[in-house]
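Hi everyone, thanks for coming. Have a look at the sequence and the structure, and then I'll talk you through them.

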Amino acid sequence: MTRPLRIAPSVLSADFSRLGDDVQQLDAGGADWIHLDVMDGHFVPNISFGPAVIEHLRPRTAKLFDVHLMIAPVDPYLSAFAAAGADSITVHAEAGPHLDRSLQAIRALGKRAGVALNPATPEAAIAHVLDRIDLILIMTVNPGFGGQAFIPAMVEKVRRVRSITEGRDIDIEVDGGITAENAPTVVAAGANALVAGSFVFRGGPEAVAGNISAIRAAAESARAPA
Ligand code: DX5
Ligand code: ZN
């Protein structure tokens with residue numbers, strides 16, 4: 001089963017002084033989803049933004065808000081992110097002891113539920129929640145910062161995740177260091193949702209649409225029938 005390809009630019013590399021305008025630029029430039037990286041300075045060594053910022057961005061686009069929560073604890077904040085306009089909420093498998101509970105809470109809020117895996121976390125950590133999720137986010141860098149180099153060993157992990165999710169209605173998303181150069185490799189391994197921050201914003205706002213097209217074309221080349 002071939003799932004739709006989703007290009008999900010991360011606003012982490014945007015100009016935060018004009019974030020709403022940059023989100024509109026991503027929308028006009030052909031983004032499928034808008035990836036929103038929330039960091040707490042505790043679960044990851046960086047701080048980004050919270051629900052208030054997402055709420056103010058919400059009227060700027062109708063595109064799906066793909067909210068990636070790199071925070072712990074996460075449960076006390078799920079309803080705030082849902083109310084702010086998240087369409088999909090992804091929590092880290094490492095963020096708390098009760099992953100199954102967090103995922104149930106997200107679906108109870110009427111949102112798509114995702115689970116993220118750090119590079120060091122094996123896919124066995126999510127074997128018990130496959131019925132509770134709509135998306136698996138495979139970190140292809142150590143979370144916390146944009147602009148890091150893709151970890152090549154994650155390609156095999158994407159392949160393994162694809163095999164444990166075969167036949168299920170689950171998106172496989174890769175996040176970190178994704179470029180037009182490595183997009184075909186991760187897509188061939190089974191990813192259908194590609195997050196890209198620094199690559200998309202490379203060259204400034206005027207380059208955004210071209211960068212999104214480049215990543216899409218590269219990804220599609222790996223899906224073309226042989
Ligand atoms: C890292 C974030 C990523 C990151 C992507 O913790 O989850 O979404 O911002 O940025 P690039 O594409 O620059 O690695
Ligand atoms: Zn992310």
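This is a predicted model: local features need pLDDT of at least 70, side-chain atom pairs count only at pLDDT 80 or more; totals for chains, interfaces and linings use all residues.

Residues are numbered from 1 along each chain as its sequence is written, chains are lettered from A and ligands numbered from 1 in written order, and side-chain values use heavy atoms, with hydrogens and water left out.

So, the fold. The protein has 8 helices and 8 strands; these are DSSP runs, H or I of at least four residues for helices and E of at least two for strands, numbered from the N terminus. The radius of gyration, taken over C-alpha atoms, is 16 Å, close to the 17 Å that the globule rule gives for 226 residues, so the protein is as compact as a globular protein of that length. That rule is 2.2 Å times the number of residues to the power 0.38.

Now, what surrounds ligand 1? A shell of 20 residues, each with a heavy atom within 4 Å, and the closest are Asp37, Gly147, Asp175, Gly197 and Ser198. β2 (33-39) gives the most, with 3 residues.

Then there are polar contacts, meaning N or O pairs within 3.5 Å. A ligand oxygen is 2.6 Å from a side-chain N or O of aspartate 175, and one is 2.8 Å from a backbone N or O of glycine 197. Alone, ligand 1 exposes 370 Å², and the protein buries 100% of that, by Shrake-Rupley with a 1.4 Å probe.

Last thing: most peptide bonds are trans. Alanine 72 and proline 73, though, are joined by a cis one, with omega about 0°. Proline 73 is in the loop between β3 and α3 (78-84).

Terms used. A polar contact is a pair of N or O atoms within 3.5 Å; within protein, one must be able to donate a hydrogen and the other to accept it, and residues adjacent in sequence count only if both atoms are side-chain atoms.
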